[in-house]
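Biologist: Let us look at how the chains meet. Please show me the model.

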Amino acid sequence: MSYTSPNQLRSPLYYLLLAIAGLMVLGGLAAVHEMESQGHIITGMNNQIVWGMPHVFAIFLIVAASGVLNVSSIGSVFNKPAYKARGPLAGLLSIAMLGGGLMVLMLDLGRPDRVIVAATNYNPTSVFAWNVLLYSGMFAAVVVYLWTMMEKRMYPWSKPAGLLVFVWRFVLTTGTGLIFAFLGARQAYGSAVLPPMFIILSFAWGIAVFHIVQSAIYAWNGTSLDEYVQKRMRNLMGVFVVAALYFVAAYHLTNLYFSRQSAFEYFILRDGGIYPQLFWWGYVVIGNLLPLLLIFHPALGKSKCVIGASLAIILGGFAFLYVFIIGGQAFPLDIFHGFEVSSTFADGMIGTYRPSLFEILLGFGGLGVAFVITAIGIRVLDFVPHEIPKKVGHH
Amino acid sequence: MSDIDTQRRNFLKTSVGAAAIAIAPGMLLFDIAHGNPEGASSKVRWGMLIDAEQCKPGCNDCVTACNKENGLSGGTAATDSQWIRKIELKDISTGRELSLPMMCQHCENPPCVDVCPTNASFKRADGIVLVDKHRCIGCRYCMMACPYKARSFVHEVLHDQNPDVPRGKGTVESCTLCVHRIDQGGKPACAEACPNNVILFGDLNDPASEIAKKVRSVASVQIRADLHLNPGVRYQGI
Amino acid sequence: MKRLASLLLCLCVAPVWAGDSAGTPKLDIGRGGQCVEDTQWMRKNHMHMLKHQRDEALRKGIRDEKISLKNCIECHASMKDDSVIARADSFCVGCHKYEAVKLDCFECHSGKRKSAWLQQRDAK
């Protein structure tokens with residue numbers, strides 16, 4: 001039977017928001033055009049800081065895209081009815097954010113015109129090459145999963161499809177962690193704790209993004225989230241935040257223990273200027289302590305608090321990634337241990353990075369793409385959660 | 001029935017045989033027309049031995065020579081390419097000072113080759129690690145992976161490149177061990193230019209070569225040997 | 001109907017006759033003379049040849065002087081400005097612009113004759 005979207009989605013405000021997001025996308029594309037014709041010299045990136053703001057945005061989007069599918073997994077794989085109804089929206093968000101994040105990554109390449117080369121020449125030892133297959137496979141798997149959740153006769157298949165997506169995104173997010181874990185020569189990165197850390201971060205960021213989008217849709221339609229469901233999601237969010245904080249703490253504490261790594265850790269946690277500030281205030285306080293307070297304090301925990309907590313988690317996520325990606329590159333490589341070094345190539349010097357407008361536009365362009373896909377998706381197909389879970393065809 | 005089959009079979013055998021004989025000389029001609037079919041061989045392993053004790057602080061002749069040979073700008077801004085650089089070192093515990101040139105170490109197990117998604121970063125059979133600019137997509141993952149910070153990214157449009165050394169915007173590059181010179185029987189520009197005989201270039205696999213004899217007799221180390229990359233560039237006097 | 005069809009057909013055929021003088025681009029072929037292969041073969045296959053040769057030369061170190069890009073440029077660079085890409089009628093640009101096929105080679109490769117480049121560098 002055909003689907004007609006709620007009247008609220010035809011309002012002028014909807015089109016205005018869509019237009020704004022469209023402008024963000026255009027801004028990003030314009031920035032890329034400049035970057036491609038003039039080269040990366042117009043960005044803040046250089047030979048010391050080779051990955052910048054676009055990667056911060058892209059990795060957040062990709063990690064959150066994986067984590068947002070938790071909501072559907074809890075429904076399909078773990079059979080919790082309250083989550084089953086939210087599965088399709090989570091799938092749409094996943095596709096939207098994955099699309100936005102990948103677009104930013106591909107457009108930041110030095111030769112984006114050679115994406116075909118990347119798609120046809122594979123190095124089996126390269127995580128990036130695996131990712132080309134993992135991410136495209138992820139799109140396909142989520143589309144199939146959405147189909148099983150949204151078409152009545154396919155419901156019996158939603159559990160195996162959900163399981164496939166569940167396993168696939170674990171592999172994919174592990175891959176995201178391995179991008180960094182395999183960089184054995186860098187003090188910031190070569191660590192086995194990174195893949196599980198990224199998996200748990202994906203849980204926290206994914207559910208935060210989902211909650212905001214879901215709340216926005218409900219507010220738009222003039223309905224509100226059921227108390228019981230809100231409480232469950234809120235508690236789950238809190239658990240994920242604690243777990244993520246645990247992994248980040250484990251990563252830094254073990255690093256601190258190795259005397260060879262301690263100079264780097266002091267840089268990130270105490271001496272590095274903007275990096276400790278972003279880490280402690282941005283990630284730990286705003287990204288973790290504030291949401292936990294908002295979620296678990298007996299006097300708080302209302303719906304506005306949970307939305308605030310979700311926003312704080314997202315901001316904390318960006319702060320974390322800035323410190324992780326850019327701070328990790330700013331600290332000089334330890335090539336000659338036990339020596340003070342200096343050279344014309346910034347050996348022994350802290351790398352400097354100031355993001356340019358072009359990179360920020362590109363990052364927001366990715367957010368814009370995610371928004372456009374989500375907004376058009378909920379208008380065109382039946383993604384808005386129905387509070388009474390469908391019982392037809394499966395148990 | 002079987003007579004006809006046998007006849008056909010014999011016909012096929014002789015015609016295929018005749019065709020093979022007809023084509024064979026053409027295949028030989030094909031080889032000769034292509035000139036030297038040998039190319040780089042794994043029997044050779046190019047390497048360098050750098051004597052840090054003879055390297056003078058403040059001397060930049062190797063860097064200048066490399067820049068001139070390869071068409072680099074010579075600039076030292078954060079976005080300028082540097083294929084070789086002089087590093088001034090001071091031992092924190094003893095206070096001893098020394099200087100040495102640092103370039104791509106041409107590892108046997110290069111991390112840059114492991115991580116490159118398109119196989120643009122590759123190791124030639126004779127041990128030289130190169131970037132295939134035809135395949136490089138400019139992702140900079142190899143730059144993240146290199147323990148020696150040997151690689152540079154081309155941040156702007158380039159003009160007037162050396163016809164022997166193609167370089168372009170949006171790709172990653174590093175010391176090529178002057179592969180264009182080596183393939184003509186020469187040696188790297190830095191080794192040739194050094195006034196203090198700091199850089200000794202040669203075939204590590206040839207026991208009679210000067211470099212092989214020297215690494216057998218003097219103590220030399222590989223930088224970051226703990227990573228087990230087995231670089232082809234060794235240093236003495238550190 | 002048949003007359004209309006044959007008239008249209010004639011109109012299509014005529015430009016082909018005019019092609020040689022009006023349609024093909026004017027090319028500065030540099031030194032010219034005997035190329036390594038004949039012109040028509042080159043027009044059809046130079047891209048395949050270069051693509052194969054670049055991997056042989058770079059990845060395997062098999063440098064064939066006859067078909068190296070540098071050697072093509074050595075002959076075909078204009079005698080006026082020593083380049084295959086500097087002007088609209090330069091050897092590579094002329095046809096590629098006409099056919100609207102974007103040239104990627106010269107993002108990295110020099111379009112200049114090597115002997116001229118060396119002279120210019122040593123004069124500095």
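Biologist: How many salt bridges does the rule find across the interface of chain A and chain B?

Modeller: This is a predicted model, so local features need pLDDT of at least 70, side-chain atom pairs count only at pLDDT 80 or more, and totals for chains, interfaces and linings use all residues. Residues are numbered from 1 along each chain as written, chains are lettered from A in the order written, and side-chain values use heavy atoms, without hydrogens and water. A salt bridge is a side-chain nitrogen of Lys or Arg within 4 Å of a carboxyl oxygen of Asp or Glu. Across the interface of chain A and chain B, the rule finds two.

Biologist: Which residue of chain A meets B:Arg85 in a salt bridge?

Modeller: The side chains meet at 2.6 Å, N to O. The partner of B:Arg85 is A:Asp347.

Biologist: Which residue in E2(B) is the bridge partner of A:Val341?

Modeller: Strands (E, at least two residues) are DSSP runs, numbered from the N terminus. Two strands pair if DSSP finds at least two bridges between them. E1(A) and E2(B), residues 84-91, pair in the antiparallel sense over five bridges. The bridge partner of A:Val341 is B:Leu89.

Biologist: How many salt bridges are counted between chain C and chain B?

Modeller: One of them joins B:Asp164 and C:Lys70, with the closest N and O atoms 2.4 Å apart. The count between chain C and chain B is five.

Biologist: How many residues does chain B give to the contact with chain C?

Modeller: Contact means heavy atoms within 4.5 Å. Chain C gives 23 residues. Chain B gives 32.

Key. Helix = DSSP H or I, 4+ residues; strand = E, 2+ residues; numbered from the N terminus.
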